[in-house]
Amino acid sequence: MALMTGNEYIESLRKLKTKVYIMGERVENFVDHPLVRPSINSVAMTYDLAHDPQYEDLITATSNLTGKKVNRFCHLHQSTEDLVKKVKMQRLLGQKTGSCFQRCVGMDAFNAIYSTTFETDKKYGTNYHENFKKYLIYVQENDLTIDGAMTDPKGDRALSPSEQKDPDMYVHIVEKREDGIVVRGAKAHQTGSINSHEHLIMPTIAMKEEDKAYAVAFAVPSDAEGVFMIYGRQSCDTRKLEKNADVDLGNKKFGGQEALVVFEDVFVPWDKVFLCEEYDFAGMMVERFAGYHRQSYGGCKVGVGDVLIGAAALAADYNGAAKASHIKDKLIEMTHLNETLFSCGIACSAEGSKTQAGNYYIDNLLANVCKQNVTRFPYEIVRLAEDIAGGLMVTMPSQADFDSPEIGGYCEKYFKGVDSVPTVDRMRILRLVENMALGAAAVGYRTESMHGAGSPQAQRIMIARQSNLEHKKALAKEIAGIK
Amino acid sequence: MIAGVKFCGGCNPKYDRKLFYDILKNEYKNIIYQTVNSNSNSFEYDLIIVFCGCSVCCADYKKYKTKTKYIVIKSIEEIHKIKNEINEIYNIQEKS
Ligand SMILES: Cc1cc2nc3c(=O)[nH]c(=O)nc-3n(C[C@H](O)[C@H](O)[C@H](O)COP(=O)(O)OP(=O)(O)OC[C@H]3O[C@@H](n4cnc5c(N)ncnc54)[C@H](O)[C@@H]3O)c2cc1C
């Protein structure tokens, strides 16, 4: 099958029997549900741009498995150039959607599982790598969107998986059969889960022997028997259910999505199992996925940042403050922070290296530095955007008030900025800032920047491990003349 | 004359690549423009025009073949230089 268009992707979702719950109700047609559709539109963009000559150089790649053109989101990185292009592609998609486009987790899972299965097979003589290659060819040929699912609910954080009172706090194997395994548990915060054709499950943490039932990686279709999803709420989400709220939405067309995915005794055939009790490789899989995903944020968040900086600059144009030196300086600072994140994404890619399996892995120290900065800089960028936007971004009346024959005129009159700009344009740009700063898109731009790909402390542990402190001490001793 | 056209992916373009392309198309109406893709690997274009959004120019274009040269555009300021290069190739092609 050729690369899908956005529309073909949307139609392909309709063919799935994915079991979805939204606000307490089972929803059969999730594709057209107003709370879900913007997030589907974001994923659709990853398909549409693959067909546009202006963008296909970033969005497509040549598969090392088949020699065919594939969407880069289904690609195994074959060089540092590929790693760099991945980051650039993510920046581009952040720019085009102003939100999370959800397909990165799958790409990062492919690359992590590909190299981990190779090394697991080498030690244990298992056949995970060949099975995974076959699976990935199927994904590439059908141009699928896959949810890379790592995070378990985790229950009591002070306890290991096997110590939890409720054994389902981490996804685990409940039965090993001749034809496959049966698994139970859940994955939380799953980005784009409902919009994915399949789910690719990985463990959340490094494990010991007593946790081996939790050391499991596998793929299942999103509509497999026993799988269901509970949609996550987002700030201001019900504005999407209102009529005539285009302006109030800020970003009407695009959005992100997270869900809790439950696995209620789900059967997985052996050819879709990529780790089963080899607990000493759970940590490697987690570390590799996290490394790639920490690189990802040096692209996607930068693209969304580009939109926010543009919105802040327009807000200043529209209220007449654009020429003030402090406004210019704030825009410079926002750009500086955003490009610093991009620099980190590019640096960890350019310094990448080949894994034993042959695909390329980022420089893990630099990727962790990248993500650590991502836990901070978007917050500062948002703070500056809110400063420039003014209080109106959170106090302005609704679109219905602007449309009202009785009071619309007052809204028009008193919310006007510079004379040449229609009041409604000013409202639109302030609502866009609101959307990214504290509305639905803030889920992706702020809290996901904090916790996605691991909370800040997870990066600090990795930075500590790779800081090469002894080398630094030796340098200092040498210069200080200490023997 | 057939010109292959290739764009970089446009992650942070410093000018409107599409607009630049439209200007050229408008100016050189006799040229047949074809965006290159994986099916055109073996075809030899009279020239290949590469629209890169910035000086890095990460577009993967060398795999496409040209009888003359790659004209690589990295900024809007290059418009006159580009036109001269196209004119040069165009005149040679017309004469032969
Ligand atoms: C918007 C969004 C999208 C996401 N998308 C995905 C996705 O697509 N796929 C996926 O797999 N995951 C996804 N995640 C999950 C993400 O990886 C987790 O949020 C992250 O790993 C933190 O886990 P948690 O949210 O359970 O936080 P918690 O574990 O509750 O952490 C809260 C705080 O407790 C601290 N803490 C936790 N455990 C310990 C401990 N043992 N010792 C000391 N301190 C501890 C943390 O450092 C943090 O400060 C997403 C998260 C968000 C917010």
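Let's start where the two chains meet: 13 residues of chain B are in contact with 12 residues of chain A. On the chain B side of that meeting, the residues touching chain A split into five nonpolar, five polar and three charged. Keep in mind that this is a predicted model. For the complex, the predictor gives an ipTM of 0.88 and a pTM of 0.97. Chain B itself averages a pLDDT of 90, and 96% of the residues score at least 70.

Now move over to chain A and find helix 8, which covers residues 282–319. Two helix partners are worth looking at here, and helix 10, residues 364–374, is one of them. Helix 8 of chain A and helix 10 of chain A pack with their axes 8 Å apart, at an angle of about 50 degrees. Because of that angle, helix 8 of chain A counts as oblique to helix 10 of chain A. Their crossing is left-handed. If you want to trace the contact by eye, helix 8 of chain A brings A:G291, A:R294, A:Q295, A:Y297, A:G298 and A:K301. From helix 10 of chain A come A:N364, A:A367, A:N368, A:C370, A:K371 and A:V374. Sorted by class, this contact between helix 8 and helix 10 of chain A has four nonpolar, five polar and three charged residues.

Stay with helix 10 of chain A for a moment and look toward helix 17 of chain A, residues 456–465. The axes of these two come within 9 Å and cross at roughly 150 degrees, so helix 10 of chain A is roughly antiparallel to helix 17 of chain A. This crossing is left-handed too. On the helix 10 side you'll find A:N364, A:L365, A:N368, A:V369, A:K371 and A:Q372, and these meet A:P456, A:Q459, A:R460, A:M462 and A:I463 in helix 17 of chain A. The residues of that contact divide into five nonpolar, four polar and two charged. A:N364, A:N368 and A:K371 take part in the contacts of helix 10 of chain A with both helix 8 and helix 17 of chain A.

Back to helix 8 of chain A and its other partner here, helix 16 of chain A, residues 442–451. These two pack at an angle of about 150 degrees, with their axes 10 Å apart, which means that helix 8 of chain A is roughly antiparallel to helix 16 of chain A. The crossing is left-handed. A:Y297, A:K301 and A:V304 in helix 8 of chain A meet A:G444, A:Y445 and A:S449 in helix 16 of chain A. That contact has three nonpolar, two polar and one charged residues. You've already come across A:Y297 and A:K301, which also belong to the contact with helix 10 of chain A.

Helix 16 of chain A leads us to the ligand. What surrounds the ligand? There are 20 residues around it, and the closest are A:M150, A:R157, A:H189, A:T191 and A:E448. Strand 5 (146–149), strand 7 (180–191) and helix 16 of chain A are the elements that give two or more residues to this shell. Helix 16 of chain A gives the most, with four residues. By class, the shell around the ligand has five nonpolar, 11 polar and four charged residues.

Note on methods:
Residues numbered from 1 in each chain as written. Chains lettered and ligands numbered in written order. Predicted model: local features only at pLDDT ≥ 70, side-chain atom pairs only at ≥ 80, totals over all residues. Contact = placed C-beta atoms within 7 Å. Nonpolar A, V, L, I, M, F, W, Y, C, P; charged D, E, K, R; others polar. Axes fitted to C-alpha atoms, helices over the stretch in contact; angles between N-to-C directions. Parallel < 35°, antiparallel > 145°, perpendicular 65-115°, else oblique. Left-handed = near helix turned anticlockwise from the far one by under 90°. Near = placed C-beta within 6 Å. pLDDT = per-residue confidence, 0-100.
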